Structures are given as C-alpha cells and as structure tokens.
Amino acid sequence: MRHNAGMKRLSLAVLIWLLLAGAGVAALFTGARGQFTETFNTDARILHRVLSQRMEQQEAVLNAVDALGQGMDAAALGSYLDTLLRPYPQVVAVERCTAGACRVLGTPAEPPPKLAPALSPDPAVRWPEGGGPLYALSRGDVRVWVDARRLTGALDSGAAPLTYTLFQPATGAVIVNHTQEGGTGAASTTLRVEKVLGTALQPFPIVISRPVPWGVWPWMAGLLWTLLTAGLTALVWRLLEARRTAQHALLDERARAGGVVEAASEAIVALDSLHRVTLANPAARAAMAHPLPPGTDLRDVTTFQATLSQAPFDAASFWDSAGPVALPEGLTLLRNGEAVGVEGSLAPLPGADGTLRGRVLIVREVGPLQRRMLEHLENGERRVREHEDMLAHVSRLSTLGEMGAGLAHELNQPLTAIVSYGQAAARLLDDPEPDLARVRHAVGASVTQAVRAAQIIVRLRQWVRRTPSTARPTDLVQAVQNVLTLCRADLNRLGVRVVTDYADAPLVQADPVQLEQIVLNLLRNALDAVQDTPDPAIELSIVLERGGWSLSVSDNGPGIAAEVAPRLFTPFTTSKSGGLGLGLSLSQTLAQGMGGDLSGANAHAGGAVFILNLPRLELEAASD
Ligand SMILES: Nc1ncnc2c1ncn2[C@@H]1O[C@H](COP(=O)(O)OP(=O)(O)OP(=O)(O)O)[C@@H](O)[C@H]1O
Ligand SMILES: [Mg+2]
C-alpha cells in the first residue's frame with residue numbers, strides 16, 4: 001500500500017522532471033531556430049540585393065556598349081571593352097552581330113556558345129541551346145554574355161554557408177546552382193526562401209537556402225538544463241520525502257502517546273498555561289466525575305481537601321507552582337460530595353523554547369489497601385497523641401503532689417476564716433437581742449471566703465484537667481486580637497494606651513483556645529500592673545527570633561515585686577489580694593506543651609516584660 005504510493009510519487013516526480021526538462025530544451029531549441037532564421041533572412045536579403053545589383057550592372061554594360069558602339073570600329077571597341085569590363089567578372093564576352101553571324105569584341109574571358117543572331121531594338125535575354133550557366137543580353141546588334149557562375153564569386157557572407165539556385169523565368173530550367181564551400185556534414189534541417197531578382201530585364205526566380213548542421217544546435221545547454229532539472233527534482237523529491245517520513249513518524253508517535261494516555265489507569269489531564277483542559281483521559285473523567293471538555297478551567301471542577309492533622313491545602317500555590325509538585329500525602333479529592341483519598345502530582349510542560357506551555361496533572365486514587373494503611377496510621381497517631389496527653393496529665397499530677405503543702409495552706413486560709421466567721425455569727429445569734437447587721441457581715445465574709453476557696457478549686461481543676469490539645473496552624477496575631485477584643489472594656493475604662501507591632505502571618509502549630517488563654521493571662525496581669533500608673537500603656541509585639549515567633553507583652557507598671565520574682569511560675573505565687581497565683585504557672589505549662597516557653601522579667605526602662613516563644617510553622621514545609 002505504502003510502497004505503491006511511493007512508486008506513484010516517484011513517477012510523478014519523474015514526470016515533472018521530464019516536463020521541466022522538455023519545456024526548457026524546447027525553449028532553447030526554439031530560440032536557436034529563431035536566431036538561425038533571422039540570420040538566414042538577413043543574409044538572404046543581402047544576397048538578393050547583391051544579385052539584383054549585379055544584374056543591373058550587366059544591363060548597364062549592354063546599354064553602354066549599344067550607345068557607344070555605333071560609330072566605333074570593332075578593334076577600338078574591343079580594346080575599350082577590355083578596360084570597361086574589368087570590374088564586372090560575370091560579363092564574360094561581348095559580341096556585335098550582323099544578320100548572318102556574331103563576332104566577339106576584345107578579349108573574352110570565356111568563348112561564348114553559338115547562338116543565332118536576332119537583331120531587335122528591344123533588349124531581351126537569350127538562352128543558348130541546351131541551357132547552362134551562360135546566357136546573353138541582346139539589344140540591337142550588341143550581345144553581352146553573362147556567366148551566372150561568376151555572379152557572386154566566393155560569397156563573402158562569412159561563416160554561415162548560403163546556397164542559391166537561379167531559374168529561367170519562362171521554362172524554370174536551372175541557370176546555376178551555387179553551393180558554397182564549407183557546408184559539410186549532414187544537415188538537421190534546411191532554411192529556404194524564394195524570391196525574384198529585382199531588375200527589369202532579368203527577373204529570375206531565385207531559391208536561397210541554408211543547411212543547418214546538427215552541430216550548431218544548443219546541445220550542451222540542453223544537456224546541462226536536463227541535468228540541472230534532474231538534480232533539482234531529485235533534491236526537492238528527497239526533501240519532500242524526508243518531510244513526509246518525519247511527519248509520519250510524528251503522527252505515529254502522537255498516536256502512540258495518545259494511546260498510552262488513553263489506556264493509563266491514572267487520571268491524566270493536560271492543561272494550557274491558564275489551567276484550561278487540553279486533553280483528559282477516561283480515567284481523569286471518571287476520577288473528577290466531569291466530562292472535562294477542552295477549555296474547562298480545571299481549578300473550577302477540582303477540589304482537593306486536606307485531612308488528618310494536615311495543614312490546609314494551599315490551592316493557589318499548588319496550581320501556579322513553577323516546578324513539579326506532588327500532592328501532599330493523605331490529600332482527598334471531593335467527588336460528588338465524597339472525599340476520595342488521592343495521590344499524584346502537577347508538573348509543568350515546557351515548550352521547545354523552554355517557556356511554560358502548560359501543565360499536566362496526574363492523579364491516582366489511593367487504593368483500598370493504601371486507604372486501610374492510612375487509617376491504621378491515623379489510629380496509631382491518635383494513640384500516640386492520647387499517650388502524650390496522659391503523660392502530661394501524670395506529670396501535672398506529680399507537680400500537684402509537690403505543691404500539696406502550698407495548696408493546703410491556700411485552702412486553709414479561707415477555710416479557717418469561714419470557720420471563725422461562722423462561729424462568730426453563731427455567737428451573735430445566741431444573744432437575746434442579736435445584732436443582725438454584724439451577723440449579716442460575718443455571714444457575708446464567710447461567703448466571700450467560700451467563693452475564694454471554690455475559685456481555687458475551679459482553677460486547680462482547670463489546670464489539672466486533661467484537655468486534649470487540638471493543635472492546628474494558628475495565626476498568632478489572630479489570637480492576640482481576639483484577646484484584645486475580650487479586654488476592650490477594661491482597657492477603655494482604665495484609659496490604657498495599647499501599642500501593637502506585628503510581623504506578617506506568624507503561623508504556629510497550637511491549640512487556639514490554649515493560646516488565647518496564655519495571652520489573656522499575660523494581658524490581665526499587665527492590666528493589673530498598670531492600674532495605678534498615671535499614663536498606662538501596654539505594648540504587644542510579635543517578631544521572628546531565632547527561627548521562632550516571639551510575642552512580648554510589656555507594661556509601664558511597677559514591675560515584678562522582688563519577693564515574687566524568684567517564684568514567678570510556681571503555683572500560688574501572688575502579690576494580689578484577690579489573686580490565685582495560678583495564671584503564670586498554667587500559662588507556662590501550656591506554652592511548653594506547644595513546644596515553646598514563657599519567661600518574664602523586669603524591663604530596663606521600668607515595668608515588666610513577658611515573652612512567649614513558639615516554634616514557627618511553615619505551610620509549605622507542612623504540606624510536603
Ligand atoms: N505585669 C506584671 N507586673 C508586675 N508583676 C506581675 C506582672 N505579672 C505578674 N506579676 C506578678 O506575678 C504574680 C503571679 O501572677 P499570676 O498571674 O501567676 O497570678 P495572679 O495574677 O496573682 O493571680 P491569677 O491566678 O488570678 O492570675 C502576680 O501576683 C504578680 O505579683
Ligand atoms: Mg494573673
């Protein structure tokens with residue numbers, strides 16, 4: 001099939017070459033022939049004019065001899081003629097006739113043949129018996145013999161040979177056939193023209209011809225042209241064939257690649273640089289539950305969703321990534337409302353010049369086996385987390401044991417007070433006329449102390465409680481702002497100036513509620529500290545420090561009291577009448593649970609500074 005087509009194309013190429021070569025050669029030969037004809041016509045015209053002039057010369061000689069000869073004797077005329085005829089070699093003899101015979105005058109170049117005299121006053125051409133190249137022009141008693149062979153002598157026309165034949169006008173007999181020397185070899189063709197000599201007395205028909213020898217045709221040019229066109233045709237043919245072969249190979253390759261893509265069990269979607277679908281295989285249409293017609297913006301029909309403790313999926317940076325990027329492990333694809341575990345990648349497709357032509361997305365559904373593996377992993381992870389919580393709980397319990405004495409002391413105070421207030425109230429009520437105002441005061445004071453004891457217990461419970469930490473990427477600024485909102489009323493009431501200075505997007509891995517609890521404790525302490533300051537101010541700043549985020553809360557209060565400073569983070573350390581002394585120790589425990597720490601000190605400029613350090617979280621790093 002393909003072989004046949006190849007033969008057809010080859011024959012077509014040969015045909016085109018033959019046509020090209022033929023046309024060129026024909027043009028060359030036609031041009032040459034035109035040139036030969038033109039030269040021949042010019043030469044023939046010149047010959048015709050020369051011959052016509054010669055004829056007129058003969059007639060002039062005849063008229064001159066006729067006019068001069070009347071009174072002259074034969075001898076004198078003869079010697080005169082010898083001189084007169086010298087320039088006219090074709091005039092071979094002059095005769096004067098009587099009724100009986102004709103006598104040659106002077107010295108003839110050739111003896112004239114016998115011809116009966118015919119004395120007529122009108123000029124006429126006389127042909128001797130038997131024809132031949134000699135003929136006579138006669139007028140009255142004068143006869144001028146012309147040898148037609150001498151009319152042109154050696155033709156002076158140059159290289160190209162010219163042949164002519166003169167005919168007797170009446171009979172058509174050949175007078176002379178003049179063939180020029182040099183015309184040798186076989187002629188390819190003969191150029192010919194017929195004319196009549198332009199004189200009054202000798203209007204002889206003349207045929208002028210010229211043989212065109214084979215050698216004068218442009219054989220070499222024709223051959224060169226043929227070879228040139230053959231070469232050119234072959235070149236063009238080979239170029240076209242090479243292109244055809246390359247095209248075939250390309251189509252083959254494309255078909256093969258297309259087949260591979262179609263057959264792949266992975267979802268494969270090729271996108272242009274604007275994320276529009278250019279090609280999607282059946283697996284892709286099934287995976288996305290969408291027909292994915294070319295031109296669809298894939299971002300509009302594909303929703304990836306993070307799971308487990310993954311960082312949120314950053315769709316924008318995923319779709320526009322400059323290099324190849326893998327889907328984060330454990331990612332799901334939302335299909336008809338159901339989240340399907342997937343893995344895969346998005347890779348850029350550079351064009352031949354290296355610029356981005358588009359991207360190709362490859363997605364595989366995580367198989368049932370892999371899904372079960374992931375579930376196991378998730379369970380394992382949860383168990384580890386539970387274990388960690390348990391450990392923290394136990395360590396806090398042991399801390400609790402250590403601070404048992406402090407706790408007993410703390411609780412003993414309100415309890416003793418309640419007992420004494422209660423006894424006092426009972427005593428007062430035993431009076432015959434009890435002082436109800438004092439009783440009410442005693443009871444009120446014991447309620448206050450009971451509330452304080454209850455508070456101690458509530459805070460303690462809170463501190464000891466196993467709160468599972470649900471750490472997730474949390475914005476530190478967000479947490480600070482939430483707390484500021486919470487305290488807005490108190491800040492306004494005291495007229496506190498709040499100065500803030502935040503870095504951009506300080507992300508940390510933390511439980512947002514616990515984080516807010518820490519910030520709230522610090523802000524509350526600062527508020528307490530600036531209560532009696534004339535121009536109260538609190539400054540909150542977030543900076544990147546040694547690879548982590550550091551939130552500092554500083555105030556212009558009196559600073560940390562010397563007796564409190566050494567035990568700042570020990571439970572029940574307080575300098576406040578209503579304080580429990582648990583805020584800072586609870587906050588430090590929480591901060592350490594997040595992998596960070598809390599510290600506090602007096603600032604050089606006065607006031608206290610508390611600094612919360614937390615490890616920095618990077619979304620990219622988390623999503624890998
Ligand atoms: N900004 C501050 N300036 C000066 N002293 C402070 C500051 N913050 C804390 N302190 C000192 O540290 C002590 C312990 O604070 P902590 O927050 O642990 O307990 P508290 O504020 O006294 O009571 P609570 O348990 O109700 O918070 C405070 O009583 C106070 O003396
Ligand atoms: Mg406090």
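**Notes on rings, a disulfide and a ligand site**

1. Start with the rings. Phe29, Phe36, Trp217 and Trp219 belong to one aromatic cluster. Rings of Phe, Tyr and Trp (for Trp, the six-membered ring) pair if their centres lie within 6.5 Å; planes under 30 degrees apart are stacked, over 60 edge-to-face, and the rest tilted.

2. A word on the model. It is predicted, so to speak of local features we need pLDDT of at least 70, and side-chain atom pairs count only at pLDDT 80 or more, while totals for chains, interfaces and linings use all residues. Residues are numbered from 1 along each chain as its sequence is written, chains are lettered from A and ligands numbered from 1 in the order written, and side-chain values use heavy atoms, without hydrogens and water.

3. How many aromatic pairs does a search of the whole structure find? The search finds eleven. One of them joins Trp127 and Tyr135, with 5.1 Å from centre to centre and 40° between the planes, and this pair is tilted. Trp127 is partly exposed, at 26% relative accessible area. Tyr135 is buried, at 0%. (Buried means under 20% relative accessible area, exposed over 50%, partly exposed in between, with a 1.4 Å probe and protein chains only.)

4. Now look at Phe318 and Trp319. Their ring centres are 5.3 Å apart and their planes stand at 70°, so this pair is edge-to-face. Phe318 is buried, with a relative accessible area of 4%. Trp319 is buried as well, at 5%.

5. Next, residues 216-240. In UniProt, an unreviewed entry annotates them as "transmembrane region". UniProt positions follow the numbering used here, feature names are shortened, and annotations may be inferred rather than shown by experiment. In the model, residues 216-240 are 88% helix and 0% strand. The end C-alpha atoms of this stretch are 39 Å apart. (Helices, H or I with at least four residues, and strands, E with at least two, are DSSP runs numbered from the N terminus.)

6. Which cysteines form a disulfide? They are Cys97 and Cys102, with sulfur atoms 1.9 Å apart. A disulfide is a covalent bond between the sulfur atoms of two cysteines. Here the cut-off is a pair of cysteine sulfur atoms within 2.5 Å. The structure holds one disulfide. Its S-S torsion is about 105°, so the bond between Cys97 and Cys102 is right-handed. Cys97 is buried, at 5% relative accessibility. Another cysteine, Cys487, is buried at 1%.

7. Asn521 sits in helix H12, residues 512-529. Is Asn521 buried or exposed? Asn521 is buried, with a relative accessible area of 15%. A polar atom of its side chain lies 3.4 Å from the backbone oxygen of Gly583.

8. Gly583 leads on to ligand 1. An oxygen atom of ligand 1 is 3.1 Å from a polar backbone atom of Gly583. In Asn525, a side-chain N or O atom is 2.8 Å from an oxygen of ligand 1. Alone, ligand 1 exposes 580 Å², and the protein buries 91% of that. (Accessible areas come from the Shrake-Rupley method with a 1.4 Å probe; for residues, only the protein chains shown count as cover.) H12, helix H13 (583-593) and strand E23 (608-615) are the elements that give two or more residues to the shell.

9. Which residues come nearest to ligand 1? Of the 20 around it, they are Asn525, Thr574, Ser575, Lys576 and Leu584. A residue is near if one of its heavy atoms lies within 4 Å.

Conventions
A polar contact is a pair of N or O atoms within 3.5 Å; within protein, one must be able to donate a hydrogen and the other to accept it, and residues adjacent in sequence count only if both atoms are side-chain atoms.
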